[in-house]
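Q: Could you walk me through reading a ligand site and a helix packing?

A: Happy to, let's look together.

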Amino acid sequence: MSNIPENVVVVRQRVAAAARRGGRDPAAVTIIAVTKTRTVDEVRQVLATGLTDLGENRVQELKEKWTALGGTAATWHVIGSLQTNKAKQAMEMASLVHSLDREALADEFARVAERDGKLVDALVQVNVSGEGSKHGIAAADLVGFLRRISERGQIRVHGLMTMAPLDADAEQSRPHFRRLRLLAAEAQRLALPGIDLKHLSMGMSGDYEVAVEEGATLVRIGTAIFGTRQ
Ligand SMILES: *Cc1c(COP(=O)(O)O)cnc(C)c1O
């Protein structure tokens, strides 16, 4: 049995301690509880702790929980790779899409947003490690991608997201997180309209403390809150 309320307390304490180690304000870090594979009852236990930011990988699963909980119960984040034909649904339910990772998806967001008279709020996912298995824009292509989004309008980019290669040793993630922070700072200097890279979505259960030390403003945490996934 996992104890969700206790786990949330521990994660909060660790995030705050890591922020202080990094010379940062703990309030500048938002914990996103990653709810994939979890039940609605488990999600309710998280919401009862006062944590209101939730992340889902798949739009279908997000929709089930969104419907069961009521659309306004939480702030939802889409964090997983998104099929182009799910872009519209993601826009309707999520406050922020962390996984804008390719031109075709940017095109679809812009198309739907323009048609519906809306703007889309997103983070650009960057494949910092260069691992072939990882989604995301290559670091070398980031500025070009941001320029095209900026010129087209419709998508507001609030920051960058990355996933470090899985490793038992969290310190192995540090150079990737640091690189993401530097990439954001570099691109921010271009002052592109509609692009304001103040958020860094990085860090999961195994490496969120390192991520916060390196400047994460959004950490995506599943296992450390809910226990091991089945
Ligand atoms: C599953 C997932 C997480 C959370 O993983 P944990 O190791 O359980 O904390 C974070 N980000 C993404 C993109 C995920 O798919």
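Q: Which polar side-chain atom lies 2.7 Å from an oxygen atom of the ligand?

A: Keep in mind that this is a predicted model. A polar contact is a pair of N or O atoms within 3.5 Å. Here, a polar side-chain atom of K36 sits 2.7 Å from a ligand oxygen atom. From G222 a polar backbone atom takes part, with a ligand oxygen atom 2.8 Å away.

Q: How much of the ligand's accessible area does the protein cover?

A: On its own the ligand has 390 Å² of accessible area, and the protein covers 92% of that. The residues around the ligand include V34, N57, I79, M163 and T223.

Q: What describes two packed helices?

A: The angle between their axes and the distance between the axes. In this model, helix 2 (residues 40-48) packs against helix 3 (residues 59-69) at about 65°, the axes being 11 Å apart. Their crossing is right-handed. V40, V43, R44 and L47 of helix 2 meet K65, A68 and L69 of helix 3. By class, that contact has five nonpolar, two charged and no polar residues.

How values were computed: Residues numbered from 1 in each chain as written. Predicted model: local features only at pLDDT ≥ 70, side-chain atom pairs only at ≥ 80, totals over all residues. Heavy atoms only, no water. Axes fitted to C-alpha atoms, helices over the stretch in contact; angles between N-to-C directions. Helix = DSSP H or I, 4+ residues; strand = E, 2+ residues; numbered from the N terminus. Left-handed = near helix turned anticlockwise from the far one by under 90°. Contact = heavy atoms within 4.5 Å. Nonpolar A, V, L, I, M, F, W, Y, C, P; charged D, E, K, R; others polar. Near = heavy atom within 4 Å. Polar contact = N/O pair within 3.5 Å; in protein donor to acceptor, adjacent residues only side chain to side chain. Areas by Shrake-Rupley, 256 points an atom, 1.4 Å probe, with all protein chains shown as cover.
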